[in-house]
Amino acid sequence: MLANKGYDSNKFVRWLEERGGIVVIPSRIIAKRPRKTDWHTYKECHLVGNLFLKLKNNRRFATRYEKKALCFQAVVCLSCILVWLL
């Protein structure tokens with residue numbers, strides 16, 4: 001589970017670990033016992049967030065005008081191509 005510091009709750013982290021999840025959530029600054037974090041993996045989360053930020057510049061993607069999944073998939077593909085080209 002990749003998430004930001006907003007999801008740093010001991011109860012939530014325990015719940016994920018009980019179900020076999022790998023937790024990559026950095027601890028908050030005020031944490032009494034900071035958790036070790038794989039920063040290399042956490043940086044990938046930042047890249048994915050930046051991709052969605054760029055994709056949402058395309059209004060059709062952000063507001064999801066297309067109701068059918070196939071049409072929306074086409075918009076996603078076109079948006080990705082635009083991000084790749086620019």
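Q: What does "buried" mean here, and what share of the 86 residues of the chain counts as buried?
A: Buried means under 20% relative accessible area. The model is a predicted one. Of the 86 residues of the chain, the share that counts as buried is 20%.

Q: What percentage of contacts between residues at least 6 apart in sequence join residues at least 24 apart?
A: Contact means heavy atoms within 4.5 Å. Take the contacts in the chain between residues at least 6 apart in sequence. Those that join residues at least 24 apart make up 22%.

Q: Is D8 buried or exposed?
A: D8 lies in the segment before α1. Its relative accessibility is 14%. The cut-off for buried is under 20%, so D8 counts as buried.

Q: Which residue has its backbone nitrogen 3.0 Å from a polar atom of the side chain of D8?
A: Leave aside the neighbours of D8 within four places in sequence. D8 is then in contact with I25, P26, S27, R28 and R35. The backbone nitrogen that lies 3.0 Å from a polar atom of the D8 side chain belongs to R28.

Q: Where is T37 found, and is it buried or exposed?
A: T37 is in the loop between α1 (10-18) and α2 (39-55). Its relative accessible area is 17%. Buried means under 20%, so T37 is buried.

Q: Which residue has its backbone oxygen 3.5 Å from a polar atom of the side chain of T37?
A: Not counting residues up to four places away in sequence, T37 touches V24, I25, P26 and S27. The backbone oxygen 3.5 Å from a polar atom of the T37 side chain belongs to R35.

Q: How many charged residues are in the lining of the largest pocket?
A: About 250 Å³ of space lies in this pocket. Its lining has 13 residues, and D8, N10, A31, R33 and R35 lie nearest its centre. By class, the lining has 3 nonpolar and 3 polar residues, and the number of charged residues is 7.

Key
Residues are numbered from 1 along each chain as its sequence is written. This is a predicted model: local features need pLDDT of at least 70, side-chain atom pairs count only at pLDDT 80 or more; totals for chains, interfaces and linings use all residues. Side-chain values use heavy atoms; hydrogens and water are left out. Helices (H or I, at least four residues) and strands (E, at least two) are DSSP runs, numbered from the N terminus. Buried means under 20% relative accessible area, exposed over 50%, partly exposed in between (1.4 Å probe, protein chains only). A polar contact is a pair of N or O atoms within 3.5 Å; within protein, one must be able to donate a hydrogen and the other to accept it, and residues adjacent in sequence count only if both atoms are side-chain atoms. On a 1 Å grid over the protein atoms alone, a cavity is a set of points where a 1.4 Å probe fits but cannot get out, and a pocket is an open set with protein on both sides within 12 Å along at least five of seven lines; lining residues have an atom within 4 Å of a point. Grid points are joined across faces, edges and corners, and a volume is the space filled by probe spheres set on the points. Ala, Val, Leu, Ile, Met, Phe, Trp, Tyr, Cys and Pro count as nonpolar, Asp, Glu, Lys and Arg as charged, and the others, Gly among them, as polar.
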